[in-house]
Amino acid sequence: FAFSPLESIGGLETFLETVAHGAGLVTVKDKFNPQIIATQLREKNVDYFQTTPSFLNLFLLSGQMKPENIPGVRKIAYGSEPSPQAALKTVRERLPQVELMHTYGMSEIGILRTITSTEDPSLFRFDEIFNRGRITAEGLLEVISLTPMLGYLNQPYAAREWFDTRDMARAEGDFIRVLGREGDLINIAGRKFFPAELENIILRVPGVYDVAVFKEAHPLIGTALIAKIQLEDGHDRTAFQKDFKVFCQERLPKYMQPNKIVFSDTPLAGSRFKKVRAL
């Protein structure tokens, strides 16, 4: 199933894998609709579904992720953004027959060979036969790839050098957890965290369909923390705001409590179904 567009590295990888295996490629125009995608996966007997963590979370919340809805699927690959731990564990519980594969890659280095943790599918490690990775003292992920691009027009890329991905990560045993892009790091009065960390907590609030957390410059407090929330159908916004305030006060430290809530009636992901953290 072609989830990513062909002009992206993920879409190109899916297309080349289809050609290499002599398989058939399926896609849809409306990629934001879990029901339509579930129908295509079932009717076309798709066995390999390449997608994003944001869509997997939406797939779960829609109620479409059931073995009977996608009986032919045997592998789900996901990457391109931090993976929600709770959502992926739920996917594993609901689809025990499906192999979950945490991918990692970007245009400069290609799609790298990875091994996904059997205990926690939000963790992965690099297959060192093909590529190597390391985490610097600053917490940045660097890799050496066998499939680097030749370089930009004004900056050749040396294949044997460590490539700085600008992703922040931490080691958990033999595996790696990607925390987020270096530029997404939120710093409130010296306390640092990534949007995905807070989003994973807010998703537990009853009525939250999806959420995107981001920072915004503020003339008085320096940095304002914004939570853009898409509610489940039928939830009253006024009542939710009261419940959400209580939840934050009881469950979150002061520096992680959003300064402002913005409601959205549209999906919080862009055309490539990566979460868009902006108004």
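Asn-45 is exposed, with a relative accessible area of 56%, where exposed means over 50%, buried under 20% and partly exposed in between, computed with a 1.4 Å probe and protein chains only. The structure is a predicted model, in which local features need pLDDT of at least 70 and side-chain atom pairs count only at pLDDT 80 or more, whereas totals for chains, interfaces and linings use all residues. Residues are numbered from 1 along each chain as its sequence is written, and side-chain values use heavy atoms, with hydrogens and water left out.

Asn-45 lies in the loop between helix 2 and strand 1 (48-51); helices (H or I, at least four residues) and strands (E, at least two) are DSSP runs numbered from the N terminus. Although Asn-45 is not a glycine, its phi is positive, at about 55°. Most residues other than glycine have a negative phi. Asn-45 is touched by Gly-72, which also touches Val-46 and Asp-47 when residues up to four places away in sequence are not counted, a contact being heavy atoms within 4.5 Å. Gly-72 itself lies in the loop between helix 3 and strand 2 and is buried, with a relative accessible area of 12%. Between Gly-72 and Ala-217 there are 48 Å in space, C-alpha to C-alpha, and the two are 145 residues apart in sequence.

## Nonpolar cores and a surface patch

The largest nonpolar core has 26 residues, and those with the most contacts inside it are Phe-1, Ile-37, Leu-41, Phe-49 and Ile-76; such a core is a set of buried Ala, Val, Leu, Ile, Met, Phe, Trp, Tyr and Cys residues joined through side-chain atoms within 4.5 Å. At least two residues of this core come from each of helix 2 (34-43), helix 3 (53-62), strand 2 (75-78) and helix 4 (85-94), and helix 3 gives the most, with 5 residues. Leaving aside neighbours within four places in sequence, Leu-41 is in contact with Phe-1, Val-46, Phe-49, Phe-59, Ile-70 and Val-73. A second, separate core of 21 residues includes Ile-202, Val-213, Ala-227 and Phe-240.

Strand 9 (residues 140-144) runs antiparallel to strand 8 (residues 132-135), to which it is joined by 4 bridges; two strands pair if DSSP finds at least two bridges between them. Arg-134 has Glu-142 as its bridge partner, while Gly-133 stands opposite Val-143. The hairpin of these two strands has 4 residues between them, and there Gly-139 takes a positive phi near 90°. Strand 9 also pairs with strand 12 (residues 163-172) in the antiparallel sense over 3 bridges, with Asp-164 as the partner of Glu-142. Because 5 of the 5 residues of strand 9 are buried, the strand is largely enclosed by the rest of the structure, with Leu-140, Glu-142 and Ile-144 on one side and Leu-141 and Val-143 on the other.

Helix 5 (residues 195-202) is mostly covered, 6 of its 8 residues being buried, namely Pro-195, Ala-196, Leu-198, Glu-199, Ile-201 and Ile-202. Their cover includes strand 16 (208-218), strand 17 (222-231) and helix 6 (237-251).

## Salt bridges

A search of the whole structure finds 9 salt bridges, each a side-chain nitrogen of Lys or Arg within 4 Å of a carboxyl oxygen of Asp or Glu. One of them joins Glu-142 to Arg-134, the closest N and O atoms being 2.8 Å apart; Glu-142 counts as buried at 13% relative accessibility, whereas Arg-134 is partly exposed at 38%.

Arg-166 and Glu-182 meet in another salt bridge (2.2 Å, N to O), a pair that links distant parts of the chain, with Arg-166 in strand 12 and Glu-182 in the loop between strand 13 and strand 14, 16 residues apart. Arg-166 is not a glycine, yet has a positive phi of about 65°. The side chains of Glu-172 and Arg-170 also meet (2.9 Å, N to O), and Asp-120, Arg-170, Glu-172 and Arg-177 are linked in a network of salt bridges.
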